[in-house]
Protein chains: 4
Amino acid sequence: MSRGRLEAFSDGVIAVVITIMVLSLHPPAGSSLHDLRPLVPKLLVYLLSFVFVAIYWVNHHHLMQVVERVNGLTLWANAHLLFWLSLTPVAAAWLGPHLGDSAPVATYGVVLLGTGIAYGILTRILVAAHGPDSRIAMAVGRDAKGNLSLVTYVVAIAVAPVVPWLSVGLYVAVALVWFIPDRRIEHVLTPRSDS
Amino acid sequence: MSRGRLEAFSDGVIAVVITIMVLSLHPPAGSSLHDLRPLVPKLLVYLLSFVFVAIYWVNHHHLMQVVERVNGLTLWANAHLLFWLSLTPVAAAWLGPHLGDSAPVATYGVVLLGTGIAYGILTRILVAAHGPDSRIAMAVGRDAKGNLSLVTYVVAIAVAPVVPWLSVGLYVAVALVWFIPDRRIEHVLTPRSDS
Amino acid sequence: MSRGRLEAFSDGVIAVVITIMVLSLHPPAGSSLHDLRPLVPKLLVYLLSFVFVAIYWVNHHHLMQVVERVNGLTLWANAHLLFWLSLTPVAAAWLGPHLGDSAPVATYGVVLLGTGIAYGILTRILVAAHGPDSRIAMAVGRDAKGNLSLVTYVVAIAVAPVVPWLSVGLYVAVALVWFIPDRRIEHVLTPRSDS
Amino acid sequence: MSRGRLEAFSDGVIAVVITIMVLSLHPPAGSSLHDLRPLVPKLLVYLLSFVFVAIYWVNHHHLMQVVERVNGLTLWANAHLLFWLSLTPVAAAWLGPHLGDSAPVATYGVVLLGTGIAYGILTRILVAAHGPDSRIAMAVGRDAKGNLSLVTYVVAIAVAPVVPWLSVGLYVAVALVWFIPDRRIEHVLTPRSDS
């Protein structure tokens, strides 16, 4: 089964997810610069969410480069990932005007955690399907960065009822760490193109 | 005529359908966890609808693997399927806050039934175009699971005015049955890749 | 310049256009079957608009089959077509609850007319770029059906202030005529695949 | 790393951006032609924004034709461009009903400027990755038109608090200049197809 349509469908869903998030940035009713002020936190949350979704797109892109086989289980693990990604716009729309409130901050973290777990499941299913000596197994490795992200999300969710701003800081920190594209897979890909 | 653009267009429509459904999950006005409570049934309906649309994407993906010819009739049968799928977000948005009410439950079933019939018509047109000995004819076979689903939808619609929750249970049951990807077509495909 | 990305972009825009139209079908506030009644005319307008956009997708699909060269002018003629198609959701959203009113009926016709003219321009630019003996020139021919549609739209717009229902009937009639896929291009394609 | 999926994802995002802009064209509540009047400025802003986004799509299409290598940095430079493009619908929705007001006019210019800078960064990263003698370096050249556009946006933003209509005129002027597709890259491509 080809991976082409899986990529095309994922691209479509991620493209819509990343774009409809902007619908929660309602233009102000007034027409002065001052009216833009309530949009600022929403815009920052949109930027953070855009970066998170873009990170998943970039990593999904890298991951699929080393995938050779796609089976039914992979399709569903991928749909599971898309489901969590599709919740990002709602979580972001709630967080935007409530950036310092515990419940929206924790909820945003739950969506990040769910997405991260879904990506981990997809990765493990692909590694299992390709075997321990496959390029994808080498590329994924011990997945320390992925596991650390999940732990950070759990900490951020736990901390949100007490110090919500610390949780937001942790989300930003994870985004910054992932901003650097997944070198592991690029390392596996590059020597191959040299040989 | 190539099947590539038919797949691309279907992927695009299904990707948008599956994603704009999330627009009916309006974030709560308040900022406490308690404010999330009315979102719970909507989220469950979103999950069920996401699974239904994803099932159609997965089955469409499997079906197209064994398609060799696409004619004008196929394009319209496919557009007919996409029309019914595009009604899912409205039906889901009505069902979300009225999970125990007869009319929204029955309406949701009508959209499921229409989508199922449209998929059946597309299948039959493709089988007719490829002949009774084609791989697609073998893959589709007697389509017992598809027919059983249609009967279940009819029963659920009939039951909705009396016991709406039973209808919802029937929808969930059908989704669970289809959750398992279409083995018939995988069976036809797998020996081919071995030979 | 390849036509692949032109098709992909057009598919993307048309897929979003055809799907976001459904956003104007707001679910009723109440939960009885009776509450569905105001949705019926909107649903009919949605169906008509879905068919119109699907006709353009099918014809665009057919047209691109015989295109060999894409230049800058073609890209803009195609963007012009997509612009008019993108106005369909607004025109449909206005027509839905005002199916018997002159202004919304005439406005819907203006959008249909603009889309038809844009498609005609795209066709002529492609024919000019390929020469009078090209397959696309033969496939398009005198374009009697296209010209007749434009005349019908003009008549419908002129009639709308007096008998809006007649205009709606004319729109339905044009849709039915185009529902049959573009045989001219299929005729040009079919002998070629035989030889 | 292939450029195919980068193009597909960009096409998806741009297709959604260009189409959801139309969602801010709410149909009028009334049903007379007179009710359409407040829609006219919104429609003009939609047309201008559609042209701007279409220009980026056409230029992106041309640019990618001469790209041979895509690395992680390119993916992020492209995501950065898509981020600014995705802000166009909000900026346009604010400008629509406030076409003569300083703040919305200046904000629209800031989004145009950000998009222009992001496109310039993407271009420079691609040129750096391909070397000074590459086809893409020749195609981009000194990028006088791009730089002039950025200067014009800065002037328009500075002028907006005083004469907002002049700024709108400058935006229209830039759009008209770019409307002509990027001849530089077509020049580089054309001799190649002759040789």
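The model is predicted, so local features are taken at pLDDT of at least 70 and side-chain atom pairs at pLDDT 80 or more, while totals for chains, interfaces and linings use all residues. Residues are numbered from 1 along each chain as its sequence is written, chains are lettered from A in the order in which they are written, and side-chain values use heavy atoms, with hydrogens and water left out.

Start with the interface. Chain B puts 36 residues in contact with 28 residues of chain A, contact being heavy atoms within 4.5 Å. About 2800 Å² is buried between chain B and chain A, and carbon and sulfur atoms give 78% of that area; buried area here is the accessible area (1.4 Å probe) that two parts lose on being put together, summed over both. Seven residue pairs, both residues at pLDDT 80 or more, are in polar contact between chain B and chain A. (A polar contact is a pair of N or O atoms within 3.5 Å; within protein, one must be able to donate a hydrogen and the other to accept it, and residues adjacent in sequence count only if both atoms are side-chain atoms.) On the side of chain B that touches chain A, helix H1 (4-20) and helix H2 (39-65) of chain B are the elements that give two or more residues. H2(B) gives the most, with 14 residues. Helices are DSSP runs (H or I, at least four residues), numbered from the N terminus. By class, that side of chain B has 24 nonpolar, nine polar and three charged residues, where Ala, Val, Leu, Ile, Met, Phe, Trp, Tyr, Cys and Pro count as nonpolar, Asp, Glu, Lys and Arg as charged, and the others, Gly among them, as polar.

As for symmetry, chain B superposes on chain A by a rotation of 90° with 0.0 Å of shift along its axis (RMSD 0.0 Å), which is the relation of a four-fold axis. The superposition is by least squares on the C-alpha atoms of residues with pLDDT of at least 70 in both copies. Gly12(B) comes closest to the rotation axis of the residues of chain B, at 4.2 Å (C-alpha). Only 6% of the interface residues of chain B are also interface residues in chain A, so the copies meet through different surfaces.

Now the charges. The Arg5(A)–Asp11(B) pair crosses from helix H1 (residues 4-20) of chain A to helix H1 of chain B. Arg5(A) is buried at 7% relative accessibility, and Asp11(B) is buried at 4%; buried means under 20% relative accessible area, exposed over 50%, and partly exposed in between (1.4 Å probe, protein chains only).

Arg5(D) and Asp11(A) form a salt bridge too, with their closest N and O atoms 2.8 Å apart, and both residues are buried. Within chain A, Glu7(A) meets Arg3(A) at 3.5 Å. Arg3(A), Glu7(A), Asp11(A) and Arg5(D) are linked in a network of salt bridges.

Finally, Val105(A) lies in helix H5 (residues 102-130) of chain A and is buried at 0% relative accessibility.

Technical notes. A salt bridge is a side-chain nitrogen of Lys or Arg within 4 Å of a carboxyl oxygen of Asp or Glu.
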